[in-house]
Each structure stands twice: as structure tokens, then as C-alpha cells.
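Q: Could you take a close look at the aromatic rings here and walk me through how they pair up?

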Amino acid sequence: MVNQLLQQSKDWVLRNKVATFLSVALFAMVITTIALAVSNNSNASDLEECEVLLAPFLSTTNVPTTESSDAATNEQQTTTEGTGGATTTTTVSMDTSPLPEVTTVTSVSTTTTTPDVINYRLPDDTIPLHYDLLLHPDLEKNTFAGTVKITIWSVRATDQVVLHSHELLTIGRITFKCLNESTYTYLNTNVDRERDFLKINLNKALVANYISELTIDFTGKLDAGIVGFYSSSYSDGNGGTK
């Protein structure tokens, strides 16, 4: 009877292999689930025991995460460059250290003023366009006389015409005539001996782009020096002086 049951069971397993395999797999999964549940329960118990043991230490220890960050932001570094290229860095805490005393040093550059440079150039208010020069030397008296007529263009408005004139010249009669308007006349002169300027003063300012004529009579000496218009001599082959 027993052998018959075993044979029937064996025949049923052979005929239903798929069902048998699924049944065995399902049984193995149930056993595995039970084992995992028991393991998790054991791990949870172990974790609770560890928390109980660590509780006294956690209650007395603070981890300064945010405070350390704040302390870092409340510190400043001051770098000072010394002589010889040496650099010193000082860390100052804003919480526990007072602000360092700041000393401001103002350096005033001392410059030596140079004397004014003398400008010997004539002003550019007027420009000479043409010269008519007449010279009459007197070799017996070692003197000369001359007349110069200067055509002048006024670049900008001015009531003065400035010329170069050496002190060896004696200025005579001066006449001024504006070709654009007849109301302009000569007033007087000023002499700047340092720059050899002869300043011709007019009764009113010339208008820009006016054309005028300035006539000056002058005299001088031929033997006053080797300056300007002067006389010189030389020895000829016969021992004479010319």
C-alpha cells in the first residue's frame, strides 16, 4: 500500500514538473523572507542598544559646524609688506580681538620750482608779410640811417605790434596805417631790453585778418660792435687798410 502511494506520487511529480518546480521555489522564497525578517529585527535591536550606549556622550559634546564657519568669516587677514620684499600676515578675529589701529601717513612731494624760462620768440598775434628796407651808411662818420616798412597781417585782435630791436638802434619816427580802416594810429612804444623787444602800442585793437603797414625810421653806428649792420676793414697787399 505504501509502495503504491509512493509510486503514485512519483508518477504525479514526473507528470507535473513545472508545478513541482514552482512549489519548491515558492517554499524557498517563504523561508528566505522569514530569515530576512528575523535578521532585520535583530539589527534593529542592535541599533537601539547602540543608541542607548551613545546617548550620554551625545548629550555632552557639541559639534561646532555653523559656529566654526561664522568664526572663519569673522577673521580678517592683514598683509604688510616690509623692507627687502618681506611680507608679514596677521590674522585678526572680529569676535575676540579689537580692530587694529590704522595710521594714515600722507607723503607730500617736495618739488623745487625752476625759474621762469625767458621766451625770446615774438608773439604770434601779428605776422609780417613783407619788408621794404632802406639803409644809408656814412662811412666817414661811421653811422647809418634807415627806414623799414613792414606789411602786417593781424591773426587775432590786438592793440600792440611787437618787433625785435637791438639797443644799438635809435628809433625815430613811427607811422602806422591800417589798410582796412583809417582810424588806427600809433600811440607810443615800450622797450623790453632783456628780450630786445620793441612794442608798438596802438590807439585801439586791430581786428583779426586786417592788413596794416608799419613804417619805422632809425639810426645807428657802424663801429658800435659786430652786431647787426656794422663796418669792418682789411689790409690789402700794399700795406694799406680798406
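A: Let's start with what a pair is: two rings of Phe, Tyr or Trp (its six-membered ring) pair if their centres lie within 6.5 Å, and planes over 60 degrees apart count as edge-to-face. Keep in mind that this is a predicted model. By that rule, the count comes to 2 aromatic pairs.

One of them is F144 with F218, an edge-to-face pair with 6.5 Å from centre to centre and 70° between the planes. Where do these two sit? F144 belongs to strand β4 (residues 143-154) and F218 to strand β9 (residues 211-221), so their pairing ties together parts that are 74 residues apart in sequence. As for cover, F144 and F218 are each buried.

Now for Y184 and Y210. Their ring centres are 6.2 Å apart and their planes stand at 90°, so this pair is edge-to-face too. Here we're in loops: Y184 is in the one between β6 (170-178) and β7 (186-192), while Y210 is in the one between β8 (197-206) and β9, so the pair ties together parts that are 26 residues apart in sequence. Y184 and Y210 are both buried as well.

Y184 has another neighbour to look at. K204 lies over the face of the Y184 ring, 4.8 Å from the ring centre. So what counts as a charge sitting over a ring? For Lys, NZ has to be within 6 Å of the ring centre and within 35 degrees of the ring normal.

Methods:
Residues are numbered from 1 along each chain as its sequence is written. This is a predicted model: local features need pLDDT of at least 70, side-chain atom pairs count only at pLDDT 80 or more; totals for chains, interfaces and linings use all residues. Side-chain values use heavy atoms; hydrogens and water are left out. Rings of Phe, Tyr and Trp (its six-membered ring) pair if their centres lie within 6.5 Å; planes under 30 degrees apart count as stacked, over 60 as edge-to-face and the rest as tilted. Helices (H or I, at least four residues) and strands (E, at least two) are DSSP runs, numbered from the N terminus. Buried means under 20% relative accessible area, exposed over 50%, partly exposed in between (1.4 Å probe, protein chains only).
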